[in-house]
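Please keep the sequence and the structure in view while reading.

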Amino acid sequence: MNGSKVNDSLRDKVAIVTGAARGIGAAAVRSLGEAGASVVATDVLDDEGEALVRELCAEGANVRYAHLDVTDEQQWLQVVDRTVRELGRLDVLVNNAGIGSMADVESETVETWDRTISINQEGVWLGMKVAIPRMREAGGGSVVNLSSIFGAVGGFGASVAYHATKGAVRLMTKNAAIRYATEGIRVNSVHPGFIDTPLVAELKGTPAENEIIQSTPMRRWGRPEEVGEVIAFLASDAASYMTGSEVYVDGGWTAR
Ligand SMILES: NC(=O)c1ccc[n+]([C@@H]2O[C@H](COP(=O)([O-])OP(=O)(O)OC[C@H]3O[C@@H](n4cnc5c(N)ncnc54)[C@H](O)[C@@H]3O)[C@@H](O)[C@H]2O)c1
């Protein structure tokens, strides 16, 4: 994408990415950083996050790390305040942090249900609540919320809490998109299919992996960078007329 509008428009933008220490979040940090954005990579895995930032800085990116548990409103306020204080503005928020869940309706517990909702759903709302006022100060912005193919379809009948949260992210995105459409703040959701990250490591080598590959029209796992590039596109001015959109990065899975 060298020389494209995607690259050019991100050059002077400031972004926060959650759950950025690894997987899709790390790929988003890399894509945004390579396009010239200043990026605050955040996570609860501080060692992995710091290591990523060291690697990207050595490659010339303007990236820094901050600890942020997305379920904690005070931490959100501190990280967003510090970002604006040190980098001057906030243009982009990538609400990527998330956890998986495997249980179906009857085997799910209140404890893991609440934890999944707290991270995957409430964390996304809190991020928008805290970041959007600062985007307004910057004259506009772009929020990219990570949903999933499982935010739109019922999948394999398991992971009930995960589906609940990802469906909620899809509609929170559309609701917020309408709310801020006249203020230059765009809000879109990205819906990955099966992407090869630590989140799905436990499926590797099991019959479930075979089912995943066979049910994916492209017959392979997606790579984190294939999602990171789409996130960077939505963050950029190249997507200036897109808001409330749901973008599938799934090797054709939901096309069936
Ligand atoms: N990998 C896939 O197949 C896939 C498919 C669809 C959607 N997604 C979504 O993409 C996003 C990224 O997933 P991934 O596959 O890269 O997962 P991952 O497990 O590799 O990375 C998720 C990151 O979120 C962080 N995190 C967890 N709880 C947190 C908290 N409370 N506060 C801050 N950070 C926290 C983790 O430490 C981790 O670094 C998630 O929202 C996930 O649901 C992934």
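For the classes used below, Ala, Val, Leu, Ile, Met, Phe, Trp, Tyr, Cys and Pro count as nonpolar, Asp, Glu, Lys and Arg count as charged, and the others, including Gly, count as polar. By these classes, the lining of the largest cavity holds four nonpolar, one polar and three charged residues. The model described here is predicted.

**The sheet**

- An open sheet is formed by seven strands in the order E3-E2-E1-E4-E5-E6-E7, and their pairing is parallel.
- Strand E3 (62-67) and strand E7 (246-249) are the edge strands, each of which pairs on one side only.
- From one strand to the next, the twist averages 20°.
- Strand E5 (residues 141-146) and strand E6 (residues 185-192) run parallel and are joined by six bridges.
- Val143 has Val187 in E6 as its bridge partner.

**Helices on the sheet**

- Helix H4 (residues 73-87) packs on the sheet, where it touches strand E1 (14-17), strand E2 (38-43), E3 and strand E4 (92-95).
- The direction of H4 makes about 155° with that of E3.
- Helix H5 (residues 110-137) also packs on the sheet and touches E4, E5 and E6.
- The direction of H5 makes about 180° with that of E4.

**The largest pocket**

- The largest pocket contains about 1200 Å³ of space.
- Its lining consists of 47 residues, and Gly98, Ile99, Gly100, Tyr162 and Leu199 lie nearest the centre.
- Helix H2 (23-34), H5, helix H6 (160-180) and helix H7 (207-215) each supply at least two residues of this lining.
- By class, the pocket lining comprises 25 nonpolar, 15 polar and seven charged residues.

**The cavities**

- The count of cavities of 30 Å³ or more comes to two.
- The largest cavity has a volume of about 60 Å³.
- Val40, Arg64, Tyr65, Ala66, Val79, Arg82, Thr83 and Glu86 form the lining of the largest cavity.
- E3 and H4 each supply at least two residues of that lining, and H4 gives the most, with four residues.
- The second largest cavity holds about 30 Å³ of space.
- Thr18, Val70, Asn95, Asn96, Ala97, Ile119, Gly123 and Val124 line the second largest cavity.
- H5 gives the most to the lining of the second largest cavity, with three residues.
- The lining of the second largest cavity divides into four nonpolar, four polar and no charged residues.

Definitions and conventions:
Residues are numbered from 1 along each chain as its sequence is written. This is a predicted model: local features need pLDDT of at least 70, side-chain atom pairs count only at pLDDT 80 or more; totals for chains, interfaces and linings use all residues. Side-chain values use heavy atoms; hydrogens and water are left out. Two strands pair if DSSP finds at least two bridges between them. Axes are lines fitted to C-alpha atoms, for helices over the stretch in contact, and angles run from 0 to 180 degrees between N-to-C directions. Contact means heavy atoms within 4.5 Å. On a 1 Å grid over the protein atoms alone, a cavity is a set of points where a 1.4 Å probe fits but cannot get out, and a pocket is an open set with protein on both sides within 12 Å along at least five of seven lines; lining residues have an atom within 4 Å of a point. Grid points are joined across faces, edges and corners, and a volume is the space filled by probe spheres set on the points.
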